[in-house]
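Colleague: Please take me through the salt bridges of this model, with the parts of the chain around them. Start with the setting and then go pair by pair.

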Amino acid sequence: MMKKFKILLMMAFFALALSGRSYAQEDVDINEAIRLYNDAVTALNDKNFTTALDNAQKALKIATASEAEEAVATKQNIENLIPKIYYGEGRQLATDKKYDEALVVLQKAVDAATKYNDTEVKDAAEGLIPQLLLVNANTLLSSQKFAEAVAAYEKVIAVIPDEANAYLGLGQAQIRLNSEDAAVATLEKASQLGAKDASKLLTNIFLKKAVAGQASKKWNDVYTNAEKALSYDEDNVNGNKLLGAAAIQLKKWDTAITVYEKLLPTEKNPDNTIYSLAMAYDAKGNKAKACENFKKLVTSSNAQIKAYAEAKVKELCN
């Protein structure tokens, strides 16, 4: 949510104290500067920012050159007004969702506020700029402009290095651009900064890699990527199944047993899990646990599993 900042403008019109004085040229000049200033204030209150800025700049030029007594005070008032004009225009552009234009004008507000020592406007504009950068990046991501979103999120991070949502959005854009290695590094940073959805995205990336490894029977890849997926979501069923399958293929019996024992209570049709568990116990040499699990399969509806289980029961359980 954008930080609210109210510009308080005094609609105070200067009155010239002309008593006892002649109409010298400097009086005419400062009168014109005061009129332009007042017109600028009116235009700003009407959100006519172009007119407000034009009048303020003309007034400032006249007041700076004038030698009239009122020139110093008039110049100070104009200098106080200019940063507020830029800030007001920047906020209006942001409200109208013209983010690129808003960011340019808000930077002008920062520059003017710095020049004229307006710390209130400077702080407000500097606080709003990163918010708009993030809103702009999120809009690009939602619009599926992924390359543009990457650039926009990088701008946010340059301004706010610890913005978790910027890293999260950047990681999502990188995924959609198939830059998964970059996305992993980005999302890990997002996770470290507290972005909850980062873990889910990381889990999905590594599950995808594990499934690809399974399709090509690259079991070491399956094992490694399933482990990484589970490091972000230890109870992920698909991750545990992939890890268990890879463990069986790689003869990592302890891992297989741990995984399948964990999966067993969650299975509605557990025959395949029990079968894998029995095989792992058998391979490890734990006849008692292998026998226990094979006995559960002698009534299996899967004829192949049933026949194998009956043979193993005869072998192991007598």
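This is a predicted model: local features need pLDDT of at least 70, side-chain atom pairs count only at pLDDT 80 or more; totals for chains, interfaces and linings use all residues.

Modeller: Residues are numbered from 1 along each chain as its sequence is written, and side-chain values use heavy atoms, with hydrogens and water left out.

The setting comes before the pairs. The protein chain has 15 helices and zero strands; helices (H or I, at least four residues) and strands (E, at least two) are DSSP runs, numbered from the N terminus. Its radius of gyration is 35 Å, well over the 20 Å that the globule rule gives for 318 residues, so the chain is more spread out than a compact globule. That radius is taken over C-alpha atoms, and the globule rule is 2.2 Å times the number of residues to the power 0.38. Along the principal axes, the C-alpha atoms fill a box of roughly 125 × 30 × 25 Å.

Of the 318 residues, 43% are buried, where buried means under 20% relative accessible area, exposed over 50%, and partly exposed in between (1.4 Å probe, protein chains only). The accessible surface of the protein chain comes to about 17,600 Å², and carbon and sulfur atoms hold 49% of this surface; the areas come from the Shrake-Rupley method with a 1.4 Å probe, and for residues only the protein chains shown count as cover. Among contacts with a separation of 6 or more, 50% are between residues 24 or more positions apart, a contact being heavy atoms within 4.5 Å.

As for charge, the chain carries 40 positive and 41 negative charges, and their mean positions are 11 Å apart. Lys and Arg count as positive and Asp and Glu as negative, while His and the chain ends are not counted. The place of a charge is NZ of Lys, CZ of Arg, CG of Asp or CD of Glu.

Now the salt bridges. A salt bridge is a side-chain nitrogen of Lys or Arg within 4 Å of a carboxyl oxygen of Asp or Glu, and by this rule there are 16 salt bridges.

One of them joins K58 and D54, with the closest N and O atoms 3.2 Å apart. Both residues lie in helix α2 (residues 49-65), four residues apart, or about one turn of the helix. K58 is partly exposed at 44% relative accessibility, and D54 is partly exposed at 34%.

Another pairs D235 with K262, at 3.4 Å between the closest N and O atoms. This pair links distant parts of the chain, 27 residues apart: D235 is in the loop between α10 and α11 (237-249), and K262 is in helix α12 (residues 253-263). D235 is exposed, with a relative accessible area of 53%, whereas K262 is partly exposed at 36%.

L230 counts as buried at 11% relative accessibility. Beyond its neighbours within four places in sequence, L230 is in contact with N236, G239, N240 and L243.

A further salt bridge joins the side chains of K289 and E292, at 3.5 Å from N to O. These two are three residues apart in helix α14 (residues 287-295), so about one helical turn separates them. K289 is partly exposed at 25% relative accessibility, and E292 is partly exposed at 36%. Elsewhere, salt bridges that share partners join E180, D181, K208 and K209 into one network. Back in α14, the buried residues are A290, C291, N293 and F294. Their cover includes α13 (271-284) and α15 (303-316).

Helix α3 (residues 71-95) holds P83, which is buried at 0% relative accessibility. Not counting residues up to four places away in sequence, P83 touches A109, A112, A113, Y116, D118 and V121. The C-alpha atoms of P83 and V121 are separated by 6.7 Å, although the two residues are 38 apart along the chain.

Two loop residues remain. N117, in the loop between α4 (99-115) and α5 (119-142), has a positive phi near 60° without being a glycine, and it is exposed at 67% relative accessibility. K217, in the loop between α9 (197-215) and α10, likewise is not a glycine and has a positive phi of about 60°; K217 is exposed at 62%.
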